[in-house]
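Give the cut-offs behind each term as it comes up.

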Amino acid sequence: MRTPVLLLSLFAVTLGLPAGAAEAAEEIAYQGKLLLTGGVSSIEGAGGGGLATWAVTTGYATRDGYGANLHATYIALPNFTLTSYGAAMGIRDRLELSYARQSFDTGETGAKLGLGKGFTFDQDVVGAKLHVLGDAVYDQDRWWPQVSVGVQYKHNGQAAVLHAVGARQADGVDYYVAATKLLLDRSLVLNEALRETRANQTGLLGFGGDRSGGYALESESSVGVMLSRRLVVGGEYRTKPDNLRFARENDWWDLFAAYALNKHVSATLAYVNLGDIATFRRQDGVYVSLQTGF
């Protein structure tokens, strides 16, 4: 058992912190990470929220072990649907490797866009995240958060269509730094990530464009409240570049609830607002994601 764990347990009991904090300390002491503190799988495959990337590594393994997750996510919008499935592995709570396959189905809208009914944009996202500072769970007596840096390579399979709508490339690389802080005595999870990116609609509409082709610094903010050791509710806000002339790109946000049945199965339900996409306005809908792992 690690010394900080003992101190955390004694701190919680001695000062009479909320029952949740004391239970959390006990859970840390005997079971490694707390439920949901590995985050859930984002649509790009990395551990985090649904839309945002967090500094935590996927799975429940501490620095002595390995964790892994499989995920499947479905987003239903008025004119489109987005599915994402993939896998991620956390190695000694230091390194995370992830993969996600995304399919953006235009459905009936594809014909209105001149692409054909049911035209689908497919994208592969391969990522790596390195934990470089702090610990979101154990560092309760320190002010600094857990910090990780990461990279994501994205490949979109519809290069000809992307070039036709003004995108410069079908492949792109995102770079990010993320900071996550868990405040056990307040039952809060806070996260902020900064991402250097050229991606249009996170890469689903290519990279760079006829309006702007360079990298832009964007942010991903998350706040979660731990209502119990199994249930976290909160919201996320993600800014995005606006590179294409044919369609204005908006920021994304959501309101989510994530529930962990146990350390092997969790589910996330959210209301998502993705703004305007490809000239179609008010793309808001339902986000459902299931995750299984260890």
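Helices (H or I, at least four residues) and strands (E, at least two) are DSSP runs, numbered from the N terminus. The model is predicted: local features need pLDDT of at least 70 and side-chain atom pairs count only at pLDDT 80 or more, while totals for chains, interfaces and linings use all residues. Residues are numbered from 1 along each chain as its sequence is written, and side-chain values use heavy atoms, with hydrogens and water left out.

The patch covers about 540 Å² and is made by Leu130, Val132, Leu133, Val149, Val177, Leu194 and Leu217. Patches consist of residues with over 30% relative accessible area and no salt bridge, where like charges are joined within 9 Å and nonpolar side chains (Val, Leu, Ile, Met, Phe, Trp, Tyr) within 5 Å. A salt bridge is a side-chain nitrogen of Lys or Arg within 4 Å of a carboxyl oxygen of Asp or Glu. Areas come from the Shrake-Rupley method with a 1.4 Å probe; for residues, only the protein chains shown count as cover.

Leu130 lies in strand 6. Leu130 counts as partly exposed because its relative accessibility is 37%; buried means under 20% relative accessible area, exposed over 50%, and partly exposed in between (1.4 Å probe, protein chains only).

The protein has four helices and 14 strands. Twelve strands close into a barrel with antiparallel pairing, in the order 3-4-5-6-7-8-9-10-11-12-13-14. On average, neighbouring strands of this sheet are turned by 20° against each other, direction ignored. Axes are lines fitted to C-alpha atoms, for helices over the stretch in contact, and angles run from 0 to 180 degrees between N-to-C directions.

Two strands pair if DSSP finds at least two bridges between them. Nine bridges link strand 8 (residues 171–183) and strand 9 (residues 188–197) in the antiparallel sense, with Leu183 opposite Leu188 in strand 9. Strand 10 (residues 216–226) pairs antiparallel with strand 11 (residues 231–238) over seven bridges, and a hairpin of four residues joins strand 10 to strand 11. Val223 stands opposite Gly235 in strand 11. Strand 11 also runs antiparallel to strand 12 (residues 252–260), through eight bridges; here Glu236 faces Asp254 in strand 12.

Of the protein's 294 residues, 53% count as buried. Among contacts (heavy atoms within 4.5 Å) between residues at least 6 apart in sequence, 57% join residues at least 24 apart.
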